Amino acid sequence: MEARGSEERGMRNDEGLYEEEDEESPSERLIVVGICAMVKKSRSKPMTQIMERLCKFEYITVVIFPEEVILSEPVEKWPLCDCLISFHSKGFPLDKAVSYAKLRNPLLINDLNTQYFIQDRREVYRILQQEGVDLPRYVVLNRDPDRPEECNLVEGEDQVEVNGEVFPKPFVEKPVSAEDHNVYIYYPTSAGGGSQRLFRKIGSRSSVYSPETTVRKTGSYIYEEFMPTDGTDVKVYTVGPDYAHAEARKSPALDGKVERDSEGKEIRYPVMLTAMEKLVARKVCLAFKQTVCGFDLLRANGHSFVCDVNGFSFVKNSMKYYDDCAKVLGNMIMRELAPQFHIPWSIPMEAEDIPIVPTTSGTMMELRCVIAVIRHGDRTPKQKMKMEVRNPLFFDLFEKYGGYKSGKLKLKKPKQLQEVLDIARQLLVDIGQHTDCEIEEKKSKLEQLKTVLEMESSVNDNQYGHFSGINRKVQLTYLPNGQLKASSEEEDSERDGPSLLLVLKWGGELTPAGRVQAEELGRAFRCMYPGGQGDYAGFPGCGLLRLHSTYRHDLKIYASDEGRVQMTAAAFAKGLLALEGELTPILVQMVKSANMNGLLDSDSDSLTDCQQRVKAHLHEIMQRERDFTEEDYEKLAPTDSSSLMNSMKLIGNPVKTCDLVYALIQSLTRQIRRKLEDPKSANLQLYHSETLELMLQRWSKLERDFRTKSGRYDISKIPDIYDCIKYDSQHNASLGLEDTLDLFRLSRALADIIIPQEYGITKPEKLDIASAYCLPLMKKIQLDLQRTHEDEAVNKLHPLWFRYSRGVMSPGRHVRTRLYFTSESHVHSLLNIFRYGGLLSVSHEEKDEQWRQAMDYLGAVSELNYMTQIVIMLYEDNNKDPSSEERFHVELHFSPGVKGAEDEEKAPMGFGFRPASSENNAKQTDPGSLEDLSQDEPDRAAPSEPISILKKSPLIRSRKTGSMEVLSESSSTSSSRGSSYRLFPSCSHQSPEIKTSGLELFSMPAVKRFSVSYARHPTNGFEGCSMVPSIYPLETLHNSLSLKQVDEFLTTVCEDVGDTHSRTLKSLSALFESQSQTSMDIYSQSETMAAAPAPPRATQPHTDRPLCYISSPSSTVSSAGPSSPLADPLLCFPLSE
């Protein structure tokens, strides 16, 4: 009731002067904002939401003109106002509004005279052409209403000629009146002819198909070229020339069916505007003199075209937009009117424009670039089956989909998987008619292949048909000499000649928990960015949102082609940018699939020679039935990793530990079988729609595979065992299975040895294997850092640079963010390169205390869990000479991701995020600094302790009693009368978990929020990184690297790796060429030699692969598709990437 009363006081709909309560001084003058529009518009949800927020400004009140007054009363009797928001819609008397503006001379948010032009599409196109805005090719046909037949139009079967301009079908026919929404699209006869008739939405339809093929013969029209847009239209909403919100919707021309979500709202897709589109938004806003303005963009053929300007338009259902719109309008009104009314008001525009942050050495620098490599979120257990195949049917399939081009093939599409299933079924029928023992031995594998491909559709499969592709895939790898046998009992079956290694993978879907992890981390990641000054001060993470909405954020998100990785990226983007709705639209619009050049994908089943040696070495050591000896420690832990040595001590005898693990798995499968036999629990639904039967299949397969026929253990299954027990311990604990904790602890200890060491045991091995995984990614990171540096030089030469630095006046970039979502292999590899690649010289490593501490910390980290992050931040000191090495400053940060089941007490201790540098620690803090104030802070709460962000909300109640709170305060603390309102932005909706100290910190003045001495406790410092209790906060590995130092390091590593990789490629090419004829022998058994196609020549291994990776705009990039394997490390990327 109180909130409603506040609303009634803050917004009124009569013409009387606003009466303040006694608290307000009679000498104070409120600025009255008048809303003059038809009631359907002035009382709409977006208008109400924005005006409620506008009333939060201390000296602003809002009056809504009643519709009956607008329509019936003379303008002299209309309410008085100082600022007018008025716009035309059906039935609105625009002439009267123009007269009122002349009479009262209020500040106009949207110019009224240009609204006449907006009603005529001809005038709209004329103005856009004058401004140099790209339009579709068009021509105007003006008809005299009295003599409609007298016009310059010649209609043919598949074209129309207007005023000498020929438009072949498809073309668009638009009435010249913008109020007429009956737009027709005419199709060519080759496509079936007819036309699509668009109209203003009625229910769930926005167009219908008509067989009519001839154009309309009465009325005046614009004829224009039809632009192919992949089925989406982009709608842009400006609030002043420097702010725009963009979203896409399904094109009404597609099928006329309006896509609606579960709440019945039209589905809108978030869109990133390009630099030129941002400039177009600015031009449209200024040319039509409409502060609040909507227009439509068509993205086609790599260009953007404006096809309609709608005038006054609000975004629907976006809290972030409501906050931003009210903020921009309120500041605009106060800036223009406060001086003439002698109202004390200052807008900290300078502080908002450039993201300045104190560095850890105390110097103020500008954040220029953020690069993060992030592992995907929590997933279902991955399952895998390998089998060697030699049947000609598999070779035919391999050739059909171009497997010989690279020697590898990945099959994910439903049609492809169906072909594999058909082959498996055919071979099983054939096997049934033979008794050959060798074929019988393969029968179990073929049956498993058939069973998995025939599995019932999971929840996600329903979207894709029987096969999802995301959940199941088949990989085929060409083996010139057959498969290398890993164990002795398989050697008897070894045969000469080429074969294909078939790897079937299933499972590995992102879980609901994984989506939550990613979205919450995205919210927390906002706080990496400074800039939430002014009205945003005091709210964590709003610097990024402000930066993003005002065109100063150049963001690109890349993901490997794994479904779990792409959905993690989409969920993270949703949290990072405060997006709303489902993940699929976000994925389609915002996540680039980086599978074109091996950037984030890797074929973990095709091991390098070094990986083969390392796995064999691990297998040998772990098969010895004795306690680990000193020699074993030296062989397995030459890097002196403390977590590795602790795991070895816990295990003692590896074979006896494996015996125990095997016994525990047997116990587990027996318990599950008993539950299946129990009618009460037989149909029990487990986490993520899994059944007990599927759970039993998982564990039974591990039980079969872990111990071989000879009684030895296959240690390659240990990661899978740990994967499964970790999943069941977290998600299926309610089953009450016994001994799961013992199995978890033992399998984790074994996994802590196996998993990191699979990426190399010695430093040279680690670097060799790492380079095979992430050479393209390292090159891309180096380019990201270099491009930021080069952008700086370009922008400084721009004629608008001076104005740009004081407010965004050009479409140039300000902060570059590149996010790379990938799998465990890339994260391990990249971290190994930073640890062992020589980032610091040997002499510096010994002297650099921070780096030594960081290496000790990384050595204590046992697992790179889901959502592991490696973050690089680049800062610029504009006071330093551009050629100085001190100009650019690089920081390296790391988080091991999600916390394990019992990690709290064993968590390695780091030194916090952005701790003070050693020289700055010695400095005396200034009086009144944040460091001084922090002495009085209470002890910091544990990161897992949830504290509502509203508990100590910095929201300040305005002095004006008519203000309306966006969110009611949960504490009864009185607010200062002297402070102006701080608009509550969209991060009010973020995760409620934040530490007490974070609330204290964020309520400080904006610049001091980013303190320079955070090193007292590992969770101190960057509070936002601790806002996700289930994920470890970032720890700083180094915070005083120069850009030159990092660039030279990456150059050296890439060159060394490139040389090694090139030599490997040459040897592989020679091998492949020598085997090329042999590879075709298999076909000669059933086909003639003339019919057998030859594989590509090994001397030209790259002819079918693009030499450069150039992506299309983020809104049009497909988020899925076949991957092309990387063979050439010498990649190039476009500047904008």
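**Reading enclosed space in a predicted chain**

Author: In the protein chain, 74% of the contacts with a separation of 6 or more join residues 24 or more positions apart, a contact being heavy atoms within 4.5 Å. The model is a predicted one, in which local features need pLDDT of at least 70 and side-chain atom pairs count only at pLDDT 80 or more, while totals for chains, interfaces and linings use all residues. Residues are numbered from 1 along each chain as its sequence is written, and side-chain values use heavy atoms, with hydrogens and water left out.

Reader: How many helices and strands does the protein chain have?

Author: Helices (H or I, at least four residues) and strands (E, at least two) are DSSP runs, numbered from the N terminus. Here the protein chain has 33 helices and 31 strands.

Reader: Is Ser42 buried or exposed?

Author: Buried means under 20% relative accessible area and exposed over 50%, with partly exposed in between (1.4 Å probe, protein chains only). Ser42, which belongs to helix H2 (residues 39-42), is buried because its relative accessibility is 2%. Leaving aside residues up to four places away in sequence, Ser42 touches Ile35, Ala37, Met47 and Ile64. Across the protein chain, 57% of the 1137 residues are buried.

Reader: Which helix gives the most to the lining of the largest cavity?

Author: That helix is H27, with five residues; the elements giving two or more residues are helix H20 (642-651), helix H24 (740-757), helix H27 (824-836) and helix H29 (849-860).

Reader: What is the volume of the second largest cavity, and which helix supplies the largest share of its lining?

Author: The second largest cavity holds about 110 Å³, and H22 supplies the largest share of its lining, four residues. Strand E22 (382-389), helix H22 (692-706) and helix H23 (718-731) each supply at least two residues.

Notes: 1 Å grid on protein atoms, 1.4 Å probe; cavity = no way out; pocket = protein on both sides within 12 Å on 5 of 7 lines; lining within 4 Å. Points joined across faces, edges and corners; volume = space filled by probe spheres on them.
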